[in-house]
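This report sets out the architecture of a protein model, from its overall form to individual residues.

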Amino acid sequence: MPSENQPLPELLSFLDTLPEPHILCDRDYRIIAANTAYRAGFAPGRGVIGRTCYEVSHRYSLPCDQAGETCPLARGLKSGQRERVLHLHHTPRGEEYVNIELSPLRDASGEIAWYIEKMEPLNVARGLSDRHGLVGRAPAFQHMLGLVARAAPSNASILLQGESGTGKELVANAIHEASQRAGHPFVAVDCSGLPETLFESELFGHERGAFTGATSRKAGLVEAASGGTLFLDEVGDIPLGMQVKLLRLLETGTYRRVGSTELRRADIRLVSATHRPLRQMSAQGSFRQDLYYRINTFPITVPPLRERVSDIPLLVESLLGRVAPGRSLRVSAAAMRVLCAHPFPGNVRELRNVLERASLMCDGDEITPAHLAEDLCEPAAPHGVLAEGAAESGIAPWETMEREHFLRVVQAHRGSRKALAEQLGLSERTLYRKLRQYRIG
Ligand SMILES: Nc1ncnc2c1ncn2[C@@H]1O[C@H](COP(=O)(O)OP(=O)(O)OP(=O)(O)O)[C@@H](O)[C@H]1O
């Protein structure tokens with residue numbers, strides 16, 4: 001007979017039958033069992049039993065919540081319920097985003113004695129440089145990605161709100177790829193470029209002879225997206241007359257081709273995006289309120305680049321691989337300082353363009369400030385602080401720029417100082433020294 005504080009062997013054998021990676025931990029974060037799928041995917045050739053989950057997954061010496069991150073175990077202990085979080089984990093393939101679902105297990109006395117953690121890699125984003133897809137690891141990015149991971153598997157309509165160039169289309173694609181519709185089409189429609197007459201036939205298709213020029217019958221984008229995801233970019237630009245037709249499609253799940261009476265059933269998941277203030281527009285009457293609520297079941301805000309400054313070096317590395325494939329370009333420390341101090345009103349798209357231009361200007365391997373556009377290096381400071389020091393010479397003193405950088409990352413960071421130091425590649429002591437030096441509280 002197993003003792004009261006030993007999990008049943010039947011439980012361990014059940015875990016082993018599960019196809020997804022699972023571990024069993026005690027209340028002290030110690031791993032007491034790991035199923036075959038976990039050992040194959042996360043720990044081939046290394047023992048994990050008896051070690052703590054935070055040491056194995058994060059190489060931390062403290063539980064995640066004490067290192068400035070959300071710890072599902074601590075949350076589960078508090079709530080007594082199942083909890084889900086998204087974490088960056090060390091895996092044999094490098095750091096990966098992993099969706100963790102934790103279920104508390106109670107012993108015979110009703111106390112929580114163990115936790116089962118299910119771990120599923122989220123392959124649509126990377127915390128390391130990558131040539132494709134979404135990259136990022138700043139707290140604001142991770143917060144957004146956590147919402148993506150939560151909403152993607154459902155069929156809920158998602159509204160992505162964020163400034164131009166923040167990556168809304170890439171996020172929409174990530175939602176599709178992380179959903180059960182991934183094997184089906186992802187169809188993107190730019191609603192800003194479509195006049196009202198064209199909108200209906202593009203979306204719903206038309207019959208032959210439905211209007212002048214309709215020489216053959218044509219399927220619409222709703223049909224092309226069947227089984228998959230329809231992405232309506234710039235949804236705030238849909239003319240009012242068309243909004244009612246879109247609403248009908250969403251409410252009834254049916255539509256008619258232009259020139260046809262036959263009702264067709266749509267099988268789409270809707271993701272929309274806008275940089276416009278849709279809530280305000282719906283209050284003012286320029287966007288239908290009923291449609292606003294219908295497309296906004298699950299809102300996700302895509303953060304501007306200035307709220308994820310610590311991601312700039314990672315994005316620079318990834319984007320250089322994309323804009324100049326085949327060249328091994330790097331950015332000098334001085335050029336990186338210029339980039340990190342720029343406010344990037346055009347967000348990641350602007351950063352990409354800046355790097356593309358710099359790669360054309362640079363004949364060697366290293367991009368220096370001389371290869372960056374002049375206005376980027378100008379003293380016209382993003383937040384006023386730089387301008388002070390830069391006014392006379394036209395060059396911002398390094399300390400002014402460093403202070404500005406620290407100010408911005410500290411404001412944007414939501415976790416602990418230890419986690420911030422790690423992200424900045426500094427020791428905790430150096431971070432504290434810098435913050436004292438610049439009087440940043
Ligand atoms: N997190 C990211 N990682 C890598 N590349 C990114 C990221 N975010 C944006 N990009 C790149 O920035 C550019 C702009 O992204 P995207 O077109 O998705 O932005 P958007 O918010 O949809 O813009 P708009 O509102 O103008 O349509 C693209 O080249 C995209 O690949």
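## Basis of the model

The structure is a predicted model, in which local features need pLDDT of at least 70 and side-chain atom pairs count only at pLDDT 80 or more, whereas totals for chains, interfaces and linings use all residues. Numbering starts from 1 along each chain as its sequence is written.

## Overall architecture

The protein is divided into domain 1 (9–121), domain 2 (152–301) and domain 3 (306–437), with bounds that come from an automatic or database domain assignment. The centres of domain 1 and domain 2, taken over C-alpha atoms, are separated by 39 Å. Along the principal axes, the C-alpha atoms of the protein fill a box of roughly 75 × 75 × 45 Å.

The secondary structure comes to 19 helices and 18 strands; these are DSSP runs, with helices of type H or I and at least four residues, strands of type E and at least two, numbered from the N terminus. Of the 441 residues, 36% count as buried. A residue is buried if 20 or more other C-beta atoms lie within 10 Å of its own, exposed if 12 or fewer, and partly exposed in between, with C-beta atoms placed from the backbone. Two residues are in contact if their C-beta atoms, placed from the backbone, lie within 7 Å. Among contacts between residues at least 6 apart in sequence, 63% join residues at least 24 apart.

An unreviewed UniProt entry places the feature "domain: Sigma-54 factor interaction" at residues 134–360. UniProt positions are given in the numbering used here, feature names are shortened, and annotations may be inferred rather than shown by experiment. Over residues 134–360 the chain is 43% helix and 16% strand, and the end C-alpha atoms are 24 Å apart.

## The ligand shell

Of the 17 residues around the ligand, Ser 164, Gly 167, Lys 168, Glu 169 and Val 348 come nearest. Strand S7 (134–135), helix H6 (168–177) and helix H14 (347–361) are the elements that give two or more residues to this shell. A residue is near a molecule or strand if its C-beta atom, placed from the backbone, lies within 6 Å of it.

By class, the shell has 4 nonpolar, 8 polar and 5 charged residues. Ala, Val, Leu, Ile, Met, Phe, Trp, Tyr, Cys and Pro count as nonpolar, Asp, Glu, Lys and Arg as charged, and the others, Gly among them, as polar. The ligand lies between domain 2 (152–301) and domain 3 (306–437), because both give residues to the shell around it.

## The largest nonpolar core

In soluble globular proteins, nonpolar side chains tend to be buried together. A nonpolar core is here a set of buried Ala, Val, Leu, Ile, Met, Phe, Trp, Tyr and Cys residues joined through C-beta atoms within 7 Å. The largest such core has 97 residues, of which Val 148, Leu 160 and Ile 175 touch the most other members. Helix H5 (residues 139–151) supplies the largest share of this core, 7 residues. Not counting residues up to four places away in sequence, Val 148 touches Val 171, Ala 174, Ile 175, Ala 178 and Ile 300.

## Selected residues

Val 302 lies in the loop between strand S16 (298–301) and helix H12 (312–323). Leaving aside neighbours within four places in sequence, Val 302 is in contact with Met 144, Leu 160, Gly 162, Thr 166, Gly 167, Lys 168 and Val 171.

Phe 344 lies in the loop between helix H13 (333–341) and H14, and has a positive phi of about 45° although it is not a glycine. Asn 347 is found in helix H14; its phi is near 60°, a positive value in a residue other than glycine.

Gly 321, in helix H12, is in contact with Ser 129 and Arg 131, leaving aside neighbours within four places in sequence. Arg 51 lies in the loop between helix H2 (36–42) and helix H3 (53–58). With the same exclusion of neighbours within four places, Arg 51 is in contact with Ile 31 and Val 56.

| Residue | Other C-beta atoms within 10 Å | Class |
|---|---|---|
| Val 302 | 24 | buried |
| Phe 344 | 22 | buried |
| Asn 347 | 22 | buried |
| Gly 321 | 17 | partly exposed |
| Arg 51 | 15 | partly exposed |
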